[in-house]
Amino acid sequence: MNTLMDVLRRRPGWVEVKDEGEWDFYWCDVSWLRENFDHTYMDEHVRISHFRNHYELTRKNYMVKNLKRFRKQLEREAGKLEAAKCDFFPKTFEMPCEYHLFVEEFRKNPGITWIMKPVARSQGKGIFLFRKLKDIMDWRKDSRCSDDQKEEIPVENYVAQRYIENPYLIGGRKFDLRVYVLVMSYIPLRAWLYRDGFARFSNTRFTLSSIDDQYVHLTNVAVQKTSPDYHPKKGCKWMLQRFRQYLASKHGPEAVESLFSDMDNIFIKSLQSVQKVIISDKHCFELYGYDILIDQDLKPWLLEVNASPSLTASSQEDYELKTCLLEDTLHIVDMEASNSLRADSYCS
């Protein structure tokens with residue numbers, strides 16, 4: 001169910017443009033942006049759905065690089081306590097260029113589990129867990145990781161990240177949270193947090209004894225729906241409100257408020273970490289999909305930020321959530337107001 005097309009076509013006064021017609025609003029994909037942004041003239045009122053260099057936040061290696069840099073800046077300018085507010089992402093190394101640093105860290109903590117993720121793939125593709133160095137020898141060869149490579153993504157650049165071995169479990173199963181943040185501007189920083197979202201569950205009970213089983217460790221719907229136990233009608237999601245109620249019943253409302261406040265800190269600090277590097281073009285906005293893991297101590301961890309979170313619905317409940325999300329997004333983008341101002345200026 002394509003929620004985006006349904007919402008756009010239902011919006012009063014909006015007309016879908018075919019082929020190369022003139023347009024005011026484009027919910028584009030990142031490949032279009034990469035190929036066309038620099039060659040496209042846009043009037044003042046035109047809006048598109050990505051920032052030019054969104055990858056500073058949404059590619060796994062750049063996200064971590066920017067967070068590390070921002071943490072150092074905070075420590076220098078505001079002290080260690082303020083910098084500690086950035087300690088919400090697992091220890092991470094870019095491979096292969098930080099391989100030797102990774103090996104040093106790996107040998108300090110023998111026996112723990114690490115996870116390898118391709119920097120520019122999604123839906124759980126290419127991810128695997130490991131505990132032995134021989135499992136990642138393919139990435140040992142050194143290669144340069146320069147800023148020049150940002151436009152042409154290096155083939156199979158990965159991050160090696162310490163795996164969260166103590167995730168919070170519900171019914172013995174691992175889950176993560178998908179939360180939506182809309183950014184309208186980076187300078188000044190103007191962002192909205194969507195009140196709803198969902199928890200994505202694995203279909204198989206959690207265990208560290210089988211690190212090769214994707215159905216245990218990866219909560220991506222694209223992975224879980226291929227599981228033999230997957231029920232399309234039941235799905236593998238809880239709405240965020242249901243999750244909050246469950247936690248409140250187990251730990252009390254104060255613990256839940258503290259957890260969600262910590263999550264707010266993740267959203268704010270991650271956006272601040274790229275505020276000075278993202279090109280804040282007035283034509284751009286972005287709806288990010290944050291993936292957050294909760295551990296047994298109710299500490300939230302930032303796993304990644306998605307530039308193109310899936311807007312395909314997997315159930316009726318999912319459809320309602322995503323259509324409401326998109327309708328609210330369009331209310332905030334408010335093309336109607338900018339077109340009204342444009343019409344007024346022509347009249348005057």
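Biologist: Which residue just after α4 takes a positive phi?

Modeller: Gly 79 does, at about 100°. First, the ground rules. This is a predicted model, so local features need pLDDT of at least 70 and side-chain atom pairs count only at pLDDT 80 or more, while totals for chains, interfaces and linings use all residues. Residues are numbered from 1 along each chain as its sequence is written, and side-chain values use heavy atoms, with hydrogens and water left out.

Biologist: How many helices and strands does the chain have?

Modeller: Start with the labels. Helices (H or I, at least four residues) and strands (E, at least two) are DSSP runs, numbered from the N terminus. Here the chain has 12 helices and 11 strands.

Biologist: What share of the chain is buried?

Modeller: The scale is relative accessible area: under 20% is buried, over 50% is exposed, and partly exposed lies in between (1.4 Å probe, protein chains only). Of the 348 residues, 49% are buried.

Biologist: Among contacts between residues at least 6 apart in sequence, what share joins residues at least 24 apart?

Modeller: A contact means heavy atoms within 4.5 Å. The share is 68%.

Biologist: Back to α4. What span does the helix reach, and what span is expected?

Modeller: The expected span is 1.5 Å times one less than the number of residues. α4 has 19 residues and reaches 26 Å from first C-alpha to last, close to the expected 27 Å.

Biologist: Which residues of α4 are buried?

Modeller: Keep the helix geometry in mind. With 3.6 residues a turn, residues three or four places apart point the same way. In α4 the buried ones include Met 63, Asn 66, Leu 67, Phe 70, Gln 73 and Leu 74.

Biologist: Which residues touch the most other members of the largest nonpolar core?

Modeller: A nonpolar core is a set of buried Ala, Val, Leu, Ile, Met, Phe, Trp, Tyr and Cys residues joined through side-chain atoms within 4.5 Å. The largest holds 50 residues, and Leu 177, Phe 243 and Ile 294 touch the most other members. Among the elements that each supply at least two residues are α4, β7, β8, α9 and β10. α10 gives the most, with 8 residues.

Biologist: What does Ile 294 touch?

Modeller: Skip residues up to four places away in sequence. Then the partners of Ile 294 include Phe 175, Leu 177, Phe 243, Leu 259 and Met 263. There is also a second, separate core of 20 residues, with Phe 25, Met 184, Tyr 194 and Met 239 among them.

Biologist: At what angle do α1 and α11 cross?

Modeller: Axes are lines fitted to C-alpha atoms, for helices over the stretch in contact, and angles run from 0 to 180 degrees between N-to-C directions. The axes of α1 (residues 3-10) and α11 (residues 316-333) come within 9 Å and cross at roughly 50°. Under 35 degrees is roughly parallel, over 145 roughly antiparallel, 65 to 115 roughly perpendicular, and the rest oblique. So α1 and α11 are oblique to each other. The contact includes Leu 4, Val 7 and Leu 8 of α1, and Tyr 319, Leu 326 and Leu 330 of α11.

Biologist: Is Leu 8 buried or exposed?

Modeller: Leu 8 is buried, with a relative accessible area of 17%. Beyond four places in sequence, Leu 8 touches Trp 14, Phe 25 and Leu 330.

Biologist: Which residue with a positive phi follows α11?

Modeller: Most residues other than glycine have a negative phi, and most peptide bonds are trans. Asp 334 follows α11 with a positive phi near 55°. It sits in the loop between α11 and α12, and is partly exposed at 32% relative accessible area. Leu 298 has a positive phi too, about 60°. Leu 298 lies between β10 and β11 and is buried at 14%.

Biologist: Which residues does a cis peptide bond join, with omega about 10°?

Modeller: Met 95 and Pro 96. Pro 96 is in the loop between β3 and α6. Another cis bond joins Ile 187 and Pro 188, with omega about -5°. Pro 188 lies in the loop between β7 and β8.
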